[in-house]
Amino acid sequence: MWAYKGVFYQIYPIGFCGAPYANDGVCTPRIRKLMDWSSYLKKLGIDAIILNPIFESDNHGYDTRDFRTIDCRLGKNEDFADVCKDLHQHNVKIILDGVFNHVGRGFWAFKDVQEKKWDSPYKDWFHISFDGNSCYNDGFWYEGWEGHFELVKLNLQNPAVVDYLLDCVKFWIEEFDIDGLRLDVAYSLDHNFMRTLRRFTGGLKPEFVLIGEVLFGDYNLIVNDEMLHSCTNYECYKGIFSSFNSMNMFEIAHSLHRQYGSDPWCIYRGKHLVNFVDNHDVTRLASILTNKKHIRPAYGLLLGMPGIPCIYYGSEWGEEGQKAPDNDYALRPSFESPKPNELTEYIETLISIRQQSDGLCNGSYRNVVLTNHQLIFERASEKERMMVAINASGELYTAMHGDLNGSAADLISGEKLTLNGQLEMAPYSVQYLKF
């Protein structure tokens with residue numbers, strides 16, 4: 001699977017393209033802005049772009065009106081087809097946000113129920129009771145997603161709904177040649193639906209990737225050979241920034257060993273979860289870290305640990321952004337053009353190293369040196385043995401361990417090293433050592 005060796009880049013298109021938050025009905029081809037970024041993404045080394053919702057919606061994209069039409073605030077289907085063609089020409093694959101758990105109140109089938117009530121052929125597409133009333137005074141009650149009644153929950157146990165959604169996915173593949181889906185709130189989705197989706201998409205495009213948004217619980221329940229290829233690794237997301245802020249590398253080392261270590265109780269060996277340091281729902285890394293000098297070590301950890309690294313647009317040059325109630329654009333801004341700097345160049349180097357390293361893409365995980373402020377772990381495959389060394393301290397540190405022996409190359413600095421049981425670690429440093 002190509003995705004297991006890839007580096008992803010996430011964009012929230014409605015914010016990125018500078019579209020108004022509420023759908024104003026005005027068709028403007030803002031999505032074509034992505035073509036101005038395709039050369040930048042290729043240079044950065046991005047393998048695939050995850051696009052949050054792009055289809056016609058009431059407001060933020062997750063309240064879908066029509067799964068077959070690009071949101072008018074972003075343009076027309078033809079505009080997005082041009083974007084996808086351009087990205088593919090730059091060797092960047094496209095993963096769309098599959099919002100299948102719920103739709104907006106403006107969704108065409110729900111509007112039919114509002115109009116015809118019992119007589120609507122779509123009344124069983126949702127979880128509806130005509131014995132009650134909604135907070136919008138529809139004359140019937142319906143289930144909203146987690147109490148958000150602007151998001152109408154779909155009935156994924158209704159074969160007609162499943163057939164409709166599968167037909168939409170087929171349409172996206174045929175029209176836009178997309179390469180995968182991020183399944184919104186995958187932890188809420190019907191398991192049989194995900195099994196059906198896996199078989200269906202695999203039949204249309206064998207390398208089509210399915211990634212679930214999962215916030216908690218056992219990822220094995222949906223990441224397996226029958227359902228999804230991967231899911232979001234929120235456990236390690238929290239572990240990364242928290243370890244640096246508390247100066248306690250034991251936290252992230254424990255999570256990584258728990259997930260990928262060699263002990264029998266380690267639970268995700270062989271899986272490739274999607275790792276990130278920020279996204280469209282959480283405070284950006286540059287804002288959540290108490291010490292900005294930890295930004296580089298955090299990215300060194302992200303690109304060196306097991307899984308699929310995903311970078312949120314703008315954070316690769318250190319953009320700040322605080323999560324705030326009723327202000328989506330604090331995290332989902334528009335940038336006229338990329339603003340690469342030294343941090344961007346550093347991340348570009350890490351991406352290049354990772355993509356050429358079988359050890360970093362596929363290797364096992366083992367903690368070698370672990371203190372409150374330092375972490376050295378091994379990533380070893382049949383082809384390659386790597387060590388990732390992180391120093392979160394502002395002081396020079398000498399690590400000592402019997403495995404730190406032999407000739408090694410620091411792939412980041414280009415320095416050749418001869419180790420005799422110890423390793424000098426500069427303040428706030430990252431080393432990718434190939435033995």
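This is a predicted model: local features need pLDDT of at least 70, side-chain atom pairs count only at pLDDT 80 or more; totals for chains, interfaces and linings use all residues.
In strand 18, residue N391 is the bridge partner of Q374. Helices (H or I, at least four residues) and strands (E, at least two) are DSSP runs, numbered from the N terminus. Two strands pair if DSSP finds at least two bridges between them. Getting from strand 17 to strand 18 takes a hairpin of 4 residues.

Now look at the other neighbor of strand 17. Strand 16 (residues 366–370) is joined to strand 17 by 4 bridges, and these two also run antiparallel. Here R366 stands opposite E378 in strand 17. A hairpin links this pair too, through 3 residues. Strand 17 itself, residues 374–380, is mostly covered, with 6 of its 7 residues buried. Buried means under 20% relative accessible area, exposed means over 50%, and partly exposed lies in between (1.4 Å probe, protein chains only).

Which residues of helix 4 are buried? In this helix, residues 108–116, they are A109, F110, D112 and V113. Seen down the axis of helix 4, they fall within an arc of 155°, so they line one face of the helix. The arc is that of the directions from the helix axis to the C-beta atoms. The buried residues of helix 4 pack against strand 7 (128–129), strand 8 (141–142) and strand 10 (148–153), where contact means heavy atoms within 4.5 Å. Just after the helix, K117 takes a positive phi of about 50°.

Last, the cysteines. A disulfide is a covalent bond between the sulfur atoms of two cysteines. Here it is counted as a pair of cysteine sulfur atoms within 2.5 Å, and by this rule the count comes to 0. Take C72: the nearest cysteine sulfur, that of C27, is 6.2 Å away, and C72 is in no disulfide. C72 is buried, with a relative accessible area of 10%. C84 is in no disulfide either, and its nearest cysteine sulfur, that of C17, is 12 Å away. At 1% relative accessibility, C84 counts as buried as well.

Terms used. Residues are numbered from 1 along each chain as its sequence is written. Side-chain values use heavy atoms; hydrogens and water are left out.
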